[in-house]
Each structure stands twice: as structure tokens, then as C-alpha cells.
Number of protein chains: 2
Amino acid sequence: MSVRVFVGTHAVDAVPPDDRGLAYGDGLFETMRAHRGGVSWWPAHWARLAAGAARLKLPLPDEALARAEAEALLGGRGGVLKLLVTRGSGGRGYAPPDAAVPTWLLSHHPAPARPRDGLVLRWCDTRLAVQPLLAGLKHCNRLEQVLARAEWTASAPVVDGPGTATPDTRTLHPDAEVASSPTVDEGLMRSTEGDVVCATAANLFILRHGRWLTPAVDRCGIAGVCRGWIMGATGATQGRLDVADVETAEAVFLCNAVRGILPVARLGERTWVAHPLVAALQVRLAADHPAFAPESS
Amino acid sequence: MSVRVFVGTHAVDAVPPDDRGLAYGDGLFETMRAHRGGVSWWPAHWARLAAGAARLKLPLPDEALARAEAEALLGGRGGVLKLLVTRGSGGRGYAPPDAAVPTWLLSHHPAPARPRDGLVLRWCDTRLAVQPLLAGLKHCNRLEQVLARAEWTASAPVVDGPGTATPDTRTLHPDAEVASSPTVDEGLMRSTEGDVVCATAANLFILRHGRWLTPAVDRCGIAGVCRGWIMGATGATQGRLDVADVETAEAVFLCNAVRGILPVARLGERTWVAHPLVAALQVRLAADHPAFAPESS
């Protein structure tokens, strides 16, 4: 990882120890796919960042400066670019400073490994709290995602379904059973009210009766940039989905701005074969954004 | 503020830029009152920290080392000592590292100004989401508190009650009315389900029919160290409280481990005179913990 840290308009050596991002998660971030030194979805990422900053009344760095520094850091490379913006330094206590100066970090990371052709998912036990004031934003209060992602390791077997997915029973599986089960790629999260919302680090789309649906993100969840592109491309409908909606869907995929469109092959005991509509959408995304072309991974 | 930063057992110059506390609020903190170079509630603070670390599966520094460094930083002084512990450095992504090494910060701050004799409270519009997995912990996902505390400034007038406390109408108050209203010291927060939970940076106790009650913190809110002392001292009952319970209480006070017991004189239009039971409890606290004696402030 290469990283640059800024306070306001100045490059600095380190994050100040009284930074409110560190103290309270008082910040926002964007994780972007880069290609040949640029970020084709930059405007969409910045728009979401600006919407979050407006909701949190958080100061942002100048966009032109941030983009120039981002491109300088990329230096013609692809991979993943992360931008983290916090409310900057502040005194002890929750009251935001009157004139906050943002701390912001740019970091460059390798492109993700090419995923298997169809993801294997599990249901997470960790639920997302319902908080309309923060819903949709990619803010830095992410303990729910951390807890959910910690429910399984890369070698954990798939479990059967929402009703049986308790850590205590999983640890009792005999080794032979573990070895014969596929490893888990991602976990689906529900809200505390039972609605299916997203994966730990991706949005969700399902095909029902030939139409695309995706969970609404007005109560919890993140309004993903790739999700936004797909809604525009497919005319998908946002709404409240339950477990049965997903498990009986004709096709399921995850998406995010780093990995693009990720077809789902299995969720617990339910399996899906590759669906031509998902493949067609992947082709369309790659045509719009070459970073997501198969040869780019 | 003086501050020291550690990674594992080593003092370092700065917080690493890939720290998970910064990225996700993946950490815990304790804010402690110091007196003559020591922290009399250290065991209670460490117990809460350890309970939170167990719930989040977060590594902690060695307690003896942390306490020795804390006392070295205090150097015989009083004031406020903050300890922040994060899951340390990690890669991009929510999955916790297999062998996390905690980053921890100790900082020393001046003692708080002595509060007025009776606090003036308002009702916050920002609600607390219901999340039993994180309830009770003093974790670093604090955007709800930041938003709630940002609802008023030190010069904002008291508003009438939950039903009328909207930012839009407040900004329309004529200046004369603002000037005649008392400034606000703290705000009370309710959960998204309507229960009264806490103030932005303090727990709440109310007296009803001669008995002390405090909101349960099993769904949201923080299990405060001073709250714990008061429950032991008074035999207070935990439960679900609504707005009317508070507004019709015989006495109301806030408490936290930095400021001790803070009698409430006003909430919106409701006022309370000083209550002898609150004064008696303040005397008892000061006897147990001299940092909270009036002459210590």
C-alpha cells in the first residue's frame, strides 16, 4: 500500500492523533477501481462523497486537488484507489469544531484477485441497525460490517440457511464435513427488522419474474456506485426484500465499484447456474468501464 | 493535549495510516477522571474495555503496561485521561487480520469546567439505532452522538419539547427570544423506537415515586462507569423509559465518569428545583472519589 495524508490543502507526514475519524469514525470514504491511471467513476464517487458530507456537515477537500493528487498517486497504474475524508482534528467531546479542516488520505492497493465464476454466499447472523440518518452513506462507522465479516474465515464451510447459521453449531461440524463444503466468498446481511439489505462489502441484485430488484438503502445499507450504474442500465426497482425473495430468485449477483458484477452460484443449499442476463450485463459494464473487462483482472 | 501512541508494546511516533480505527471506527475508548496522578475508577474502566474487546474480538494491550504508561503521562496531575484502543493496522477490507496488534493512544486533557448548578437540557432529534450487538459498549462508531451534539451550539436556546424540536423552526426564532432563553448544556437522546436512552455524553437517572430509574442499555446506549457506581449506591432499576417518564420525574440527573453527577434544572419547559437526594448522592460520590469533590474542580 502506498498512501498520502493531507490536512486541508497540505500534505503531512501522519494522521494527527486527535483526528475525529480515529476517535469517532467521523468521516466518509470511497473505494474506487482505477484503470490506466484514471478512475472512470470518479464523478459518481465524488457525488456520493459530497452527499454524505452535506448530510454530516463535514468539510471536503477541493475536488480538483483531490483528483490531481489521486492521479499522481496512481502514476498511470490501475488497481484500487481509496479516499478517506474525516472531520479532522478536534477537542475531546462530540461537538464538531466550528471550523473543521478535513484530514484526507489517498491510498493505492493492488487490483483484487479475479473471483471464481460464481460466488458462494452465506447468511450473516450480524444484523444491520435501522438508522435513516446514516443510511446510504459510505461513512466510517463500520463495526457491523466488521462483525459480519468476522463470522467466517476463508476456509469456513457454507451453512444451511438463516435459521441454522449460529456460530456455536458451526464449530461443531466434523472436519470431514468442513472439507467437503465450498468455502464462503461473501455474506448477506439483513436488517434488525429482517429485510435483506446487502453483502458485507457489496450490493445485491436479484431477478424475479424477469425483472431486476435491489434492496432500498433508505434505512440501512450503502448506495453503491456500481449499484447506481446497474440501476441505470437495467431499470431495476428498489424495494424491501426478504429471505424468500432471494432464495427463490431466478438469478442473483453482487456488485461493487472495485469488483464490478459478481454472479452468485450458491447461497447455503440453494444453487444457481450462470444466467445469460447477468453475463450480458457484465459485457455491458466492461464496454462502459474497461477496468471491468475480463482481461483487466 | 499531550498524547502518546503505541503499537502493541512499543511507543511510536504516529498512528499508522492503515489503522482500522481510522478506517472503520474499529476500536473502543475510555474517558477517565484523574486525581493526583491516579484514576480511582481504573478497574471499572478496564473491565468495560475488556468486555467490549471480548464482544468485538479485539486485542487489548497489557493492562499493567497501559496503566503504568497512563500514570507516567499524568505525572501526578489530575484532569481527564483518555485511552483509545483500535484493532490496529489492517488491509483494505472488513475482514479482521488473523493476528491483530492493537494501536492504543493515551491522552491527557484539562479537567472540565465546573458545570452550572443545574443543567439545561433539550430533546435531540437524532435517534439512536437499536443494535444489541454493540449496545453498552464504548466503541468508536459515534456518528449518532456527533449528529446529536451538532443539533445545538453553546448559544442555542432551549426548545419546547420533542414534538416541536425541528431545526427549521428553531432558526426562525427572533433574536430577542433567543437571547431570553437559557443556553443548552446537553441533549437527551431517544432510540428509533422512542425509548429515552441517554444524553449525548452522559447517562440519565430519574426519580419516580421515590425510586431511581435509569434506561437499560441492552439495545443502544453506553454502560457508563459512573452509571455503574450509582446503580450500586442507589439500587436503581434499569428499564425502558419514555418521554413522559422523564418529564414527570421528581428529580433528574445526568452522570459520566469525567463530570460525576450533574443535577438537571430544566428540560424544555419543564423545570426542577435542587433535590436533596441528588445532593446527598453527590456528597457520597465525592467521599468515594475525591476527584468529584466540589473543591477539586
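Trainee: Okay, how many salt bridges are there between chain B and chain A?

Mentor: Zero between chain B and chain A. Keep in mind that this is a predicted model.

Trainee: And how many salt bridges does the structure hold over all chains?

Mentor: The count over all chains is 20.

Trainee: Back to the interface. How much area do chain B and chain A bury between them?

Mentor: About 4,200 Å², and 72% of that is on carbon and sulfur atoms.

Trainee: Why quote an area at all for an interface?

Mentor: Interface size is often given that way, as the accessible area lost when the parts come together.

Trainee: How many residues does the contact take from each chain?

Mentor: Chain B gives 53 residues and chain A gives 53 residues.

Trainee: Let's switch to helix packing. At what angle do α7 and α9 of chain B pack?

Mentor: Helix α7(B), residues 225-234, packs on helix α9(B), residues 276-288, at about 115 degrees, and the axes are 11 Å apart. That makes α7(B) roughly perpendicular to α9(B).

Trainee: Is that crossing left-handed or right-handed?

Mentor: The crossing of α7(B) and α9(B) is right-handed.

Trainee: Which residues make the contact?

Mentor: From α7(B), you have Cys226(B), Trp229(B), Ile230(B), Ala233(B) and Thr234(B). On the α9(B) side, the contact is made by Leu281(B), Arg284(B), Leu285(B) and Asp288(B). By class, the contact of α7(B) with α9(B) divides into six nonpolar, one polar and two charged residues.

Trainee: Now chain A. What angle do α7 and α9 make there?

Mentor: In chain A, α7 (residues 225-234) and α9 (residues 276-288) pack at about 115 degrees, with axes 11 Å apart. So α7(A) is roughly perpendicular to α9(A). The crossing of α7(A) and α9(A) is right-handed.

Trainee: And which residues meet there?

Mentor: Cys226(A), Trp229(A), Ile230(A), Ala233(A) and Thr234(A) of α7(A) meet Leu281(A), Arg284(A), Leu285(A) and Asp288(A) of α9(A). Sorted by class, the contact of α7(A) with α9(A) has six nonpolar, one polar and two charged residues.

Trainee: One more topic, salt bridges within a chain. What does Glu71(A) pair with?

Mentor: Glu71(A) forms a salt bridge with Arg67(A), and their closest N and O atoms are 3.4 Å apart.

Trainee: Where do Glu71(A) and Arg67(A) sit?

Mentor: They are in helix α3 of chain A, residues 63-74. Because Glu71(A) and Arg67(A) are four residues apart in that helix, about one helical turn separates them.

Technical notes
Residues are numbered from 1 along each chain as its sequence is written. Chains are lettered from A and ligands numbered from 1 in the order in which they are written. This is a predicted model: local features need pLDDT of at least 70, side-chain atom pairs count only at pLDDT 80 or more; totals for chains, interfaces and linings use all residues. Side-chain values use heavy atoms; hydrogens and water are left out. Axes are lines fitted to C-alpha atoms, for helices over the stretch in contact, and angles run from 0 to 180 degrees between N-to-C directions. Helices (H or I, at least four residues) and strands (E, at least two) are DSSP runs, numbered from the N terminus. Angles under 35 degrees count as roughly parallel, over 145 as roughly antiparallel, 65 to 115 as roughly perpendicular and the rest as oblique. A crossing is left-handed if the near helix is turned anticlockwise from the far one by less than a right angle, and right-handed if clockwise. Contact means heavy atoms within 4.5 Å. Ala, Val, Leu, Ile, Met, Phe, Trp, Tyr, Cys and Pro count as nonpolar, Asp, Glu, Lys and Arg as charged, and the others, Gly among them, as polar. Buried area is the accessible area (1.4 Å probe) that two parts lose on being put together, summed over both. A salt bridge is a side-chain nitrogen of Lys or Arg within 4 Å of a carboxyl oxygen of Asp or Glu.
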